[in-house]
Protein chains: 2
Amino acid sequence: MKGRIVTAKNSGFCFGVKRAIDIAENTVNSAGKNSGRKRSTKRLIYSLGPLIHNPQEVKRLEKKGIKVVENPSVLKNATLILRTHGIPQGLKEKLRFQNLTLVDATCPFVKKAQDIVQKLALGNEKIIIVGERKHPEVKALVSYGGDRCFVVEKDSDLRDIDFSGSVAIVSQTTQSPENFSRFVKIIKELNPKAKTFDTICRATFDRQTSARKLSKRADAMVIVGGKNSGNTKRLAQICSEFTKTYYVETAKELKSAWFKGKKIVGISAGASTPGWIVREVKKKLEGFLKEPPR
Amino acid sequence: MKGRIVTAKNSGFCFGVKRAIDIAENTVNSAGKNSGRKRSTKRLIYSLGPLIHNPQEVKRLEKKGIKVVENPSVLKNATLILRTHGIPQGLKEKLRFQNLTLVDATCPFVKKAQDIVQKLALGNEKIIIVGERKHPEVKALVSYGGDRCFVVEKDSDLRDIDFSGSVAIVSQTTQSPENFSRFVKIIKELNPKAKTFDTICRATFDRQTSARKLSKRADAMVIVGGKNSGNTKRLAQICSEFTKTYYVETAKELKSAWFKGKKIVGISAGASTPGWIVREVKKKLEGFLKEPPR
């Protein structure tokens, strides 16, 4: 019997990523007609850091004219797209006074989390953010609460925090609910009055639930997405608890040996993984599963 | 002796307005090359309400492809520029979930005032906003403080406000410092602990100072700007205290009879008045002042 491929129910682009790519493409495509501008005066369009955490899609956008820039202070007379993960508050304020056209592609759910952190900080709460310290979303979140924020990524991070007083717990939008709940439980033991703000986005929850369900019956899972993508990383972690899991960015990384004798191979993709990469992975996998074992 | 024209030192476009027009033109002109889009798929670019309060400049931008829309809820797959005066917080949040590319042209100084109001509201302050109740900037400012905000436009507005408790006073960015100080003084008599946040922008202050100075020595003043422009309106008010003042939107409105026998005619223009209109006014005025009296 040949193996078959099953794709997880909720997989690939989420609302915020789809929106950001629409915004980026629209920014490149808008107008132009009758603009009468010469090639030399064509305005450059930049994204502040990668727009989304998918190198291949970022490369595709770069070919369309959206250049990734890390240091925006040197830009002048340019259009700058703000990434899905948001940017630090102080930087945003600074950019407003630069000669730039800002196009905000921050995910609206990330924006909501930022608003909550800002509100909590102004209310003098101690804010615990469950998330990856070095992830741009978390860096931006922290900027809205300043020194009232404490990031918790692993258990040892809890040691350095004084949990007395008024404490509120929020989450990076792409954390797994299990991880968040676990930290909430520990913190509530230290301070039973700690308030919880579940800022995990629905898309993250849905992708994780579908992937977990599928991984329980699959003989192997392929998780497709950027290696720098937090939410994709977590999909792979979750699935690896239940079955052999391979985390790839593109079809090129797939090896036929991985799937020898596998009956059901599950596929899921992160919120920032474009459909065209998932289709390429699927096609290559189909080839492997049809092949008679060599 | 023929009359001569003196232009006020600080006059016309301010930073925020210049920035907004740059942003609007850049949005229309960006990219286009190699976009390969057909005419029918050309994206429309809108501004939410007039980008600035100058009908002639708004019309010029409209010809370039920026359409003014009052109700953005019907828009889909469009680029929407947010006006210099800012927009209400709730509306901004709603627009983020619509299929739109948002380009924020809110004046950075207005944004700062919004941030102050938001901070004060979260700190449970009672917020007194000195400004025009129906002006879009004030409407947006109020949205950041909700029912903690009270707008004071005229003395009678003070009657309905309970000034007990923690009170903070902020200003529409284009108010005259005199008017703001006057209200601050009255409110501080009612509540000496009231805090003051002078959110009047420097450009407003500079334009008013220069116009006042000039009006004291001019035989007549011509103030050029949109009839819907708050800051231009206030320039005209200030000058009319010292000399005969004419408030025009365009050169067409000027009448030669106004300037018969005048030796010094002063000109100033609001922060939203483009240079091309001021130049037209000046040219027509020069004609009047050269003419021998009929």
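Which residue in β7(B) is the bridge partner of Ile128(B)? Keep that in mind while you read these notes.

1. Ground rules. This is a predicted model, where local features need pLDDT of at least 70, side-chain atom pairs count only at pLDDT 80 or more, and totals for chains, interfaces and linings use all residues. Residues are numbered from 1 along each chain as its sequence is written, chains are lettered from A and ligands numbered from 1 in the order in which they are written, and side-chain values use heavy atoms, with hydrogens and water left out.

2. The strand pair. Back to the opening question: Ile128(B) has Phe150(B) as its bridge partner in β7(B). Strand β6 (residues 126–130) and strand β7 (residues 149–152) of chain B run parallel, joined by four bridges. (Two strands pair if DSSP finds at least two bridges between them; strands are DSSP runs of E, at least two residues, and helices are runs of H or I, at least four, numbered from the N terminus.)

3. Rings in chain A. Over all chains, the structure holds 14 aromatic pairs. One of them is Tyr246(A) with Trp258(A): the ring centres are 4.2 Å apart and the planes are at 0°, so this pair is stacked. (Rings of Phe, Tyr and Trp, using its six-membered ring, pair if their centres lie within 6.5 Å; planes under 30 degrees apart count as stacked, over 60 as edge-to-face and the rest as tilted.) Tyr246(A) sits in strand β11 (residues 244–248), and Trp258(A) in the loop between β11 and β12 (264–269), twelve residues apart. Tyr246(A) is buried at 13% relative accessible area, whereas Trp258(A) is partly exposed at 22%.

4. Rings in chain B. Phe259(B) and Phe288(B) have ring centres 6.1 Å apart and planes at 25°, so they count as stacked. Phe259(B) lies in the loop between β11 (244–248) and β12 (264–269) of chain B, and Phe288(B) in helix α9 (residues 275–290), 29 residues apart. Phe259(B) is buried, with a relative accessible area of 3%, and Phe288(B) counts as buried at 16%.

Methods
Buried < 20%, exposed > 50% of the residue type's maximum accessible area, 1.4 Å probe, protein only.
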